[in-house]
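Good morning, colleagues. Please look at the sequence and the structure on the screen, and I shall then take you through several places in it.

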Amino acid sequence: MSRTTGTSTDSRTALRVCPLCEATCGLTLTIEGTRVTGARGDREDVFSRGFVCPKGAAFGELDGDPDRLRVPLVRRDGVLREAGWDEAFDAVAAGLRPVAERYGPHSVGVVLGNPNVHTVAGGLYPPLLVGALGTRSVFTASTLDQMPKHVSSGLLFGDANAIPVPDLDRTDHLLLIGANPLESNGSLCTAPDFPGRLRALRARGGTLTVVDPRRTRTARLADRHVAVRPGTDALLLAAVARTLLAEGLADPAHLVPHLQGLDDLPSALAEFTPEAVARACDVDAGTVRALARELAAAPTAAVYGRIGSCTVPHGTLASWLVDVLNVLTGNLDRPGGALFPLAATAVPRPGGPGRGFDLGRWHSRVSRHPEAKGELPTAALAEEIDTAGGEGAPVRALVCVAANPVLSAPDGLRLDKALGSLDFMVCVDPYLNETSRHADVVLPPPPPAQSPHFDFAFNTLAVRNQVRYTRAAVPLEPGRRAETEILARLVLAAGGRHGADPGAVDTAVVERTLRKAVGDPHSPVHGCDPRDLAAALTGADGPERRLDLMLRLGPYGDGFGARPDGLTLERLLAAPHGIDLGPLRPRLPQPLRTRSGRIELLPGPIAADLPRLRAALRERPAGLVLVGRRHLRSNNSWMHNVPALTGGSNRCTLHLHPDDAARLGVADGAPVRIKGAGGEVTAPAEVTDTVRRGVVSLPHGWGHDRPGTRTRHAAADPGANVNQLLDGRLLDPLSGTAVLNGVPVTVTPAGTPS
């Protein structure tokens, strides 16, 4: 809850959970009037204990960015002009429904961006929006990031959201692959002060191993840094797993009763010997064996892979092998290993066989890409708009929520043009950016200080079970609308109920949830009257009532009085620094939802994709390959308009090794032309031995040079859009995730003819 101190109405402090990255640190904001003038770490926060990074420290500058939109924009006579909220939603209703009625529901696409998982509204309403539209044309940032982990978890455990996280505070050995948490603050592993936790691991005598083609800040902290060739992560992990099996080092121990397919792994991985993968990975066989033996010998260990191992041709196989290694060493579901968090809003359920996880329940219209977790590849969005033919109509209208795919997806030039051809487009976005400039209606949410915060997604990935909620630190400015109201009204407009009370959306969810709960024999409210339960809910508005409902029915909840000491919204509001729910604990078989009720170690889609990985043993692209990189002061394109978060090391430069620079005739600081299958860009060279030979690195989220945007600081130093080097054809086939790392490119001095 937001808490204020001090007697002056002009200066006070308020608590806030930071929404700017996955670390979810607690902040203490200094507020003068309605303006946030400072931010520091909340030392009493039960999870972050005072830690803050540069993004959190810049909260006030981001919150008060003068380029943030304050009122809706509606396109009139081809020009976006300021409008009232009623006029804007009238335009939304008039634009969306006719398209769906004329061309069918799948002609209306939905694009969800990364910031959705950082807001209360983004956690509650997007599924309702998709359901109201009845569309299968759903595209999200997941297929540009972590979808391989969802798919591998779905296949292994039967639940795409059952993602084990490393037990950072108790492990003896941590193997990181494709992750740089000293810059990213962690991802799919919510851990405030990730750097401090890694240093604590080293201080207690533990071992940190980092596999990365760059000598990142995290790699410099490690006991062992393995500079793998980009895109070969799955080969390396397969060889480590094969070594464990071949040398008799595998010991699943307590996991054996929960496993299916363990006996099939040796033959499936037989070809991936350390010698066989050495040339493809540029990692000698002795190092591969050492990685396996060190994992097996550690008292406890955890393997953790992230975006560098996801956005590659074998991203799902790499994600699968991360958990195979955790299983083979007996470290899955074990303190000090990798465990399943239990969030306060999780739905309790007994272990046992479930419905399982299926891929390809439908396919994209043009290239027939299979659906994964209800989504189609964002890399296919442009062709789904601009290509006629195939089954059904192209996407003719788009609802874009907190997303900027023109910069985040491959071949932004093609997508830029495709967006301009739509019949209708509505964006929920605080900025007029490279994507929202095409919209017919832009609906701006308020700045974060004027919004509540609860981490629906990240608490399911946290390295310690805890729960925190902060109300808005600053009242809504006159003329603004809460983001929850904006999305609720969007749900109504999409479903043909324009003009209805937006509170009706939350009321319907509460009624539906309670009807299901009272009919569930495992629920603490089984057999109760749902009307009585609804009347008992507390909260200042519909979203808070929904949160109260989720907390009460959750694993720590009071069950509407069934557990008198259990969690409710009122109890959470009375704990302004949060409630600690304890360390992660073993939970098997409860998280499993496979049809067998066991961990299915070699599921069919994985087995079917292994021949493609075997073929990669013989592949070794000539020339340079490209990888991305992350800066501590950045979280994708939406932070580049904040002066405090740009400059210094956060610049759009091309890193290349001194030997490659000398061979190519490139001088440090000179402009270079980078060319890939999707096009070419120009950026300054930064010669550094932090990248290995044969690898170049360009950061993500830049390219703010298009006309019609209103992000003045970003436009003054636009950088180059790395994703323009990609044409969108390279995907991990199981997850539909775009291949963003290990991509062949050519680099020449900018003065050299292309």
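Predicted model: local features only at pLDDT ≥ 70, side-chain atom pairs only at ≥ 80, totals over all residues.

Let me begin with a pairing between two strands: in β7, T140 is the bridge partner of L112.

L112 belongs to strand β6, which covers residues 108-112. How many bridges join β6 to strand β7, residues 138-140? There are 3, and the two strands run parallel.

Is β6 mostly covered or mostly open to the outside? It is mostly covered, with 5 of its 5 residues buried. In a regular strand, side chains alternate between the two faces of the sheet. In β6, one side carries V108, V110 and L112, the other carries G109 and V111, and every one of these residues is buried. Both faces of the strand are therefore covered, since buried stands for a relative accessible area under 20%.

I turn now to a helix. D416 lies in α18, which comprises residues 412-419. Is D416 buried or exposed? Its relative accessibility is 11%, so D416 counts as buried. The side chain of D416 makes a polar contact with the side chain of H438, at 2.5 Å. Setting aside neighbours within four places in sequence, D416 is in contact with V406, E434, R437, H438 and R706.

S48 sits in the loop between β3 (35-41) and α1 (54-57). Because its relative accessibility is 5%, S48 counts as buried. Which residues does S48 touch, if those up to four places away in sequence are not counted? They are C25, G26, D42 and P192.

V366 is found in another setting, the loop between β14 (338-339) and α16 (381-386). With a relative accessible area of 30%, V366 is partly exposed, whereas S48 is buried. Neighbours within four places in sequence left aside, V366 is in contact with E383, E384 and T387. V366 and L381 are 15 residues apart along the chain, and their C-alpha atoms are separated by 9.9 Å.

Thank you for your attention.

How values were computed: Residues numbered from 1 in each chain as written. Heavy atoms only, no water. Helix = DSSP H or I, 4+ residues; strand = E, 2+ residues; numbered from the N terminus. Buried < 20%, exposed > 50% of the residue type's maximum accessible area, 1.4 Å probe, protein only. Contact = heavy atoms within 4.5 Å. Pairing = 2+ DSSP bridges. Polar contact = N/O pair within 3.5 Å; in protein donor to acceptor, adjacent residues only side chain to side chain.
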